[in-house]
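User: I am new to this structure and would like to learn how its features are read. May we go through them one at a time?

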Amino acid sequence: MATQVEPKIAPSMLSSDFANLASEADRMVNFGADWLHMDIMDGHFVPNLTIGAPVIESLRKHTKAYLDCHLMVTNPLDYVDQLGKAGASGFTFHVEVSKDNWQELVKRIKSKGMRPGVALKPGTAVEEVYPLLEGENPVEMVLVMTVEPGFGGQKFMPDMMDKVRTLREKYPTLDIEVDGGLGPSTIDVAAAAGANCIVAGSSVFGAQEPAQVISLLRASVNMARITG
Ligand SMILES: O=C(CO)[C@@H](O)[C@H](O)COP(=O)(O)O
């Protein structure tokens with residue numbers, strides 16, 4: 001399915017050396033990353049605990065890069081003000097925990113100068129995000145999880161591509177992000193389905209030549225845009 005939207009390659013900083021986050025971020029930008037993907041986990045929505053606003057704030061002092069924050073937290077509303085102040089660029093919350101307050105969330109995220117996105121877990125039907133893409137204040141990106149959220153280094157779930165295809169057919173200009181198990185062996189399937197924002201952790205950080213992997217991911221998205 002051809003996409004009309006630009007590729008955005010976003011190394012997942014979860015796979016970086018957290019003790020050297022600023023230089024890891026610079027390294028990725030120099031290797032050609034468009035965005036830096038920041039996994040914020042609360043140890044409750046997912047069984048892992050990572051970083052929060054203080055780390056985003058520290059990193060922001062060292063980089064101008066787009067910080068694509070994925071909130072794997074039970075109460076995303078609690079994080080909006082602090083992440084806005086910290087300098088986050090994108091704020092992607094999970095639909096599973098936002099059915100009752102997503103309109104308020106989206107408004108708040110935008111008012112803090114961030115770009116709103118919605119994520120869905122593998123077990124969540126794609127239809128769940130449709131309301132968030134309609135009306136006055138839609139989200140601007142959908143993140144289709146291709147692994148169970150919580151940890152890097154898991155196996156890509158090809159079954160999730162039906163969701164990507166369905167979204168791409170319905171929303172030709174939407175940013176559609178995929179996250180989990182993406183790398184040289186899985187990118188073509190995701191790009192062909194219509195994903196344009198590609199999160200990749202272990203395949204980039206574990207590569208001998210991360211720049212080559214980033215460029216290969218971009219080339220695959222671009223190829224799908226041309227060939228449809
Ligand atoms: O959100 C997550 C995991 O919950 C991801 O961003 C992972 O960090 C991706 O890592 P790889 O699967 O690419 O190693």
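Analyst: Let us begin with contact: two residues are in contact if their C-beta atoms, placed from the backbone, lie within 7 Å. This is a predicted model. What covers the buried residues of helix H4 includes helix H3 (80-86), strand E4 (90-94) and strand E5 (115-120).

User: Which residues of H4 are buried?

Analyst: In H4, which spans residues 102-111, the buried residues are Trp102, Leu105, Val106 and Ile109. They lie on the same side of H4, because they cover an arc of only 95° around the axis.

User: What is the general idea behind such spacing?

Analyst: An α-helix has 3.6 residues a turn, so residues three or four places apart point the same way.

User: What follows H4?

Analyst: Glycine 113 follows H4, and its phi is positive, near 80°.

User: In what order do the strands form the sheet?

Analyst: The sheet is open and is formed by eight strands in the order E1-E8-E7-E6-E5-E4-E3-E2, with parallel pairing. Strand E1 (8-11) and strand E2 (35-41) stand at the edges with a single partner strand each, so one side of each has no neighbour in the sheet. On average, neighbouring strands of this sheet are turned by 20° against each other, direction ignored.

User: How many bridges join strand E7 to strand E8?

Analyst: Three bridges join E7 (residues 175-179) to E8 (residues 197-200), and the two strands run parallel. Aspartate 179 is placed opposite valine 199 in E8.

User: Where does helix H5 lie?

Analyst: Helix H5 (residues 161-170) lies across strand E6 (141-145) and E7, and runs at about 170° to E7. Its buried residues are Met161, Lys163, Val164, Leu167 and Arg168. These cover an arc of only 155° around the axis, which puts them on the same side of H5. Asp162, Glu169 and Lys170, on the other side of H5, are exposed. The cover over the buried residues of H5 includes E6, E7 and helix H6 (187-193).

User: Which residues come nearest to the ligand?

Analyst: Of the 22 residues around the ligand, Ser12, Leu14, Gly152, Gly201 and Ser202 come nearest. E2, E8 and helix H7 (202-205) are the elements that give two or more residues to this shell.

User: How many residues of each class does the shell around the ligand have?

Analyst: The shell has seven nonpolar, 13 polar and two charged residues.

Notes: Residues are numbered from 1 along each chain as its sequence is written. This is a predicted model: local features need pLDDT of at least 70, side-chain atom pairs count only at pLDDT 80 or more; totals for chains, interfaces and linings use all residues. A residue is buried if 20 or more other C-beta atoms lie within 10 Å of its own, exposed if 12 or fewer, and partly exposed in between; C-beta atoms are placed from the backbone. Helices (H or I, at least four residues) and strands (E, at least two) are DSSP runs, numbered from the N terminus. The arc is that of the directions from the helix axis to the C-beta atoms. Two strands pair if DSSP finds at least two bridges between them. Axes are lines fitted to C-alpha atoms, for helices over the stretch in contact, and angles run from 0 to 180 degrees between N-to-C directions. A residue is near a molecule or strand if its C-beta atom, placed from the backbone, lies within 6 Å of it. Ala, Val, Leu, Ile, Met, Phe, Trp, Tyr, Cys and Pro count as nonpolar, Asp, Glu, Lys and Arg as charged, and the others, Gly among them, as polar.
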